[in-house]
Amino acid sequence: MDVTEGRYEDIHARLKTYEGLTAVGGVGKDLVNEPMIRHWCEAMGDTNPAYAGADAVAPATMLQAWTMGGLSGHGGRSEAYVEMLGLLDAAGYTSVVATDCEQEYLRPLRPGDRITFDSVIESVSERKTTKLGTGYFVTTRTDVRAGGEPAGTHRFRILKYVPAGRRRRDGAAGRAATAAKQAVAKAGEAPVPSRESSAPTGEALAPGREAVTPRGEALAPGRQVSASTGEAVTAPRAKRPRPVVNRDNTGFWEGVSRHQLLIQRCEKCETLRFPWLPGCNSCGCLEWDTVEATGEGSVYSYVVMHHPPFPAFDPPYAVGLVELVEGVRMISNVVGVPPDRVRIGMPVRLEFERVDEGLELPVFRAVEGSGG
C-alpha cells in the first residue's frame, strides 16, 4: 500500500466515526402556512385544488421547505458535522455539489402545523471518482415531525470532492505543498495583495498569492507555466458541469441530442409537465408519452449571474425561467442580448448551443428587436 493510499484509508476511517452523530436539529422558522404553499404552487405551476381552501394541505414535496434555515442559515449545526466537513476541507475536498434527495411522507402537513426536526449523519461513502472529480458522498437523514408526530423523512446527499484535474492534499505531493507554504510563512514572505491566478502546476492559488514563471514574470489570470518549456501558456478552459442523466430523464437528453425539446404528456389526463417526472402531478398516472415543443416562449423570470465565478462560465450571464407556448416552464440561459437587457416578457426562441466537444444544451435566444 503506497503513501497516498494509506492516507486515504486514514481519512476514510476517521470519516466513518461521524456516522450516526447529530448534524443539526431544531424548530421550523415558520408554521406551515398558506402564503408559502401558494408561492410554491405558483412557482411549480401546480394547480391541484388540494393545496387551497379550508381543508388545504401542503404539497408533500415541500417537506424540506419547512426545515430550511433561509438566507441566515441554521445556527445549530453540530460540532461533529462542522468537524467532519473541516476534515474533508483540510484534505483538499473543498468543492461541494448536491447530488440527490429521497423523501418519505408519513402524514399530510396542514397550515398551522409546528415543524420540528432532527438530522443525523447517516453515512459517508468510500472515496469515489466521478466526472466532476474524486471525493466522498455524505448523506444526512432528517426526521420531520408535525405537532410531535412523525410527518416524513428527508435524505439529502452531497459530494465533497476535488475537481477533476486538481490534486488532492491527502498524498505525499499535498504534504510537500503544505510544507513549502509553511516554510514561506516562517521566512516572513508577504503575499502580493489583490492578485489571484493559476499556479505553475495549473492549481488554483489561495487569495493574495501570485503565480510566476521561472524567470519571475507574473502570470495573468487564465495563464499557467508549461512543464516542458517553462513559458507562460493559456490554461485549458474548464469544461461545463455535466447534467445528471437518470432513468427518469434519459428521454429528454436523447431528444436534445436530436435537437428536439421534448415535453412529457400524461396519457390519462393529457397534462403536460416539465421537468420530467416519473408520474403525473395532476392525476398520479405513471403512463406518459411526449410532444415536441415548438421552441417559442417568453421570459417568465430571470437572474443575472455575477458571483461566484466558476471556471467554465464567463459572468455576467442571464439564467431565465422560460415559459413555453405549450404552458410549461424550464430554466436555461438567455442569449443574444447583453444580460442587462433581458426583461420579463421578452420573447425568445429555442436553439441548441454546443458548449464543448462533448456537450450540447438547449438555450433561448432573444427574438431580434426584443432587447430592452
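Which residue follows H2, and is its phi positive or negative? H2 is followed by Gly45, whose phi is positive, near 70°. The model is a predicted one, in which local features need pLDDT of at least 70, side-chain atom pairs count only at pLDDT 80 or more, and totals for chains, interfaces and linings use all residues. Residues are numbered from 1 along each chain as its sequence is written, and side-chain values use heavy atoms, with hydrogens and water left out.

Helices (H or I, at least four residues) and strands (E, at least two) are DSSP runs numbered from the N terminus. Helix H2 spans residues 34-44, and at its start a side-chain oxygen of Asn33 comes within 2.9 Å of the backbone nitrogen of Met36.

The whole structure contains 17 salt bridges, a salt bridge being a side-chain nitrogen of Lys or Arg within 4 Å of a carboxyl oxygen of Asp or Glu. One of them joins the side chains of Asp118 and Arg145 (2.7 Å, N to O). Asp118 lies in strand S3 (residues 115-124) and Arg145 in strand S5 (residues 133-146), so this pair ties together parts that are 27 residues apart in sequence. Asp118 is partly exposed at 36% relative accessible area, and Arg145 is partly exposed at 23%; buried means under 20%, exposed over 50%, and partly exposed in between (1.4 Å probe, protein chains only).

Glu19 and Lys16 also form a salt bridge through their side chains (2.7 Å, N to O). Glu19 is partly exposed, at 26%, as is Lys16, at 35%. A further salt bridge links Arg329 and Glu323 (3.1 Å, N to O). Glu122, Arg141, Asp143 and Arg155 are connected in a salt-bridge network.

Terms used. Polar contact = N/O pair within 3.5 Å; in protein donor to acceptor, adjacent residues only side chain to side chain.
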